[in-house]
Amino acid sequence: MAREHKNTLIRQKEILTAARKLIVRHGSEHVTVRRIAKEIGVSEGAIYRHFKSKSDVLSFLIDDIEDTLLKDIEKNYDAGAGTMEVMEQIARGHISAIEQRRGVSHQVIAEIVSFGDKRLNKKVFDVINKYVERIKGILTEGMEAGVIRGDIDPVAAATLFFGMTQGLVNTWALSNYSFKLEERYAPVWEVFRQAVIKH
């Protein structure tokens with residue numbers, strides 16, 4: 001029984017990995033259960049044993065993205081560091097992880113939005129809200145410590161933080177990964193830093 005459960009988890013992971021690759025390669029509109037099955041060398045029936053539909057696969061991908069994005073924050077969060085150092089660690093951590101994963105999480109978010117499923121869109125919206133709330137909390141700590149300007153809206157600043165990464169990754173993917181993400185990110189980060197830091 002335990003072995004069967006493990007095999008189910010392994011198979012689900014393979015299916016999600018295949019769906020991610022296909023989204024990056026072809027876009028969500030070209031990702032079908034048939035293509036996913038072909039990618040991992042199983043029958044369509046084998047996919048349907050784990051997921052009810054393509055929409056169900058995408059929904060699980062969103063859960064995975066939520067876990068990845070929030071883990072990226074916590075992995076790079078250092079409670080002993082100053083607010084801007086923490087924000088920069090998170091930003092650099094994101095960029096490093098994005099380069100390793102070829103921007104998969106951010107591209108999948110963009111593709112799911114273009115897929116046009118209202119339920120999935122709401123789920124992505126909730127994930128982004130959780131992310132923005134976490135960043136807002138860090139910025140608010142900085143405002144209380146007198147490091148971040150007191151006259152900025154922390155939700156707007158957190159949304160901007162998410163948006164600068166999302167926008168840069170979209171540009172990077174559209175350029176067929178033709179530039180070094182970290183080099184392009186550095187001046188963008190500096191603009192953000194100058195906008196929120198208390199001078």
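**Glutamine 12 and beyond**

Reply: Let's start with glutamine 12, which sits in helix H1 (residues 2-26). Helices here are DSSP runs of H or I with at least four residues, strands are runs of E with at least two, and both are numbered from the N terminus.

Me: Is glutamine 12 buried or exposed?

Reply: Glutamine 12 counts as buried because its relative accessibility is 18%. The cut-offs are under 20% relative accessible area for buried, over 50% for exposed and partly exposed in between, with a 1.4 Å probe and protein chains only.

Me: And what does glutamine 12 touch?

Reply: His50 and Phe51, leaving out residues up to four places away in sequence. A contact means heavy atoms within 4.5 Å.

Me: Where do these numbers come from?

Reply: This is a predicted model, where local features need pLDDT of at least 70, side-chain atom pairs count only at pLDDT 80 or more, and totals for chains, interfaces and linings use all residues. Residues are numbered from 1 along each chain as its sequence is written, and side-chain values use heavy atoms, with hydrogens and water left out.

Me: OK, where is confidence lowest and highest among the helices?

Reply: Lowest in helix H6 (residues 104-115), with a mean of 75, and highest in H7, at 93. That's pLDDT, the predictor's confidence in each residue from 0 to 100. For the chain the mean is 86, and 96% of residues reach 70 or more. Watch residues 1-6, though: pLDDT stays under 50 there, and the model gives them zero contacts beyond four places in sequence.

Me: Switching topic: how many helices and strands does the chain have?

Reply: Nine helices and zero strands. The C-alpha trace spans about 60 × 40 × 30 Å along its principal axes, and 42% of the 199 residues count as buried.

Me: How do H5 and H7 pack?

Reply: H5 (residues 83-101) and H7 (residues 118-144) pack at about 150 degrees, with their axes 8 Å apart. So H5 is roughly antiparallel to H7. Angles under 35 degrees count as roughly parallel, over 145 as roughly antiparallel, 65 to 115 as roughly perpendicular and the rest as oblique. The axes are lines fitted to C-alpha atoms, for helices over the stretch in contact, with angles from 0 to 180 degrees between N-to-C directions.

Me: Which residues meet there?

Reply: From H5, Thr83, Val86, Met87, Ile90 and His94 meet Tyr131, Ile135, Ile138, Leu139, Glu141 and Gly142 of H7.
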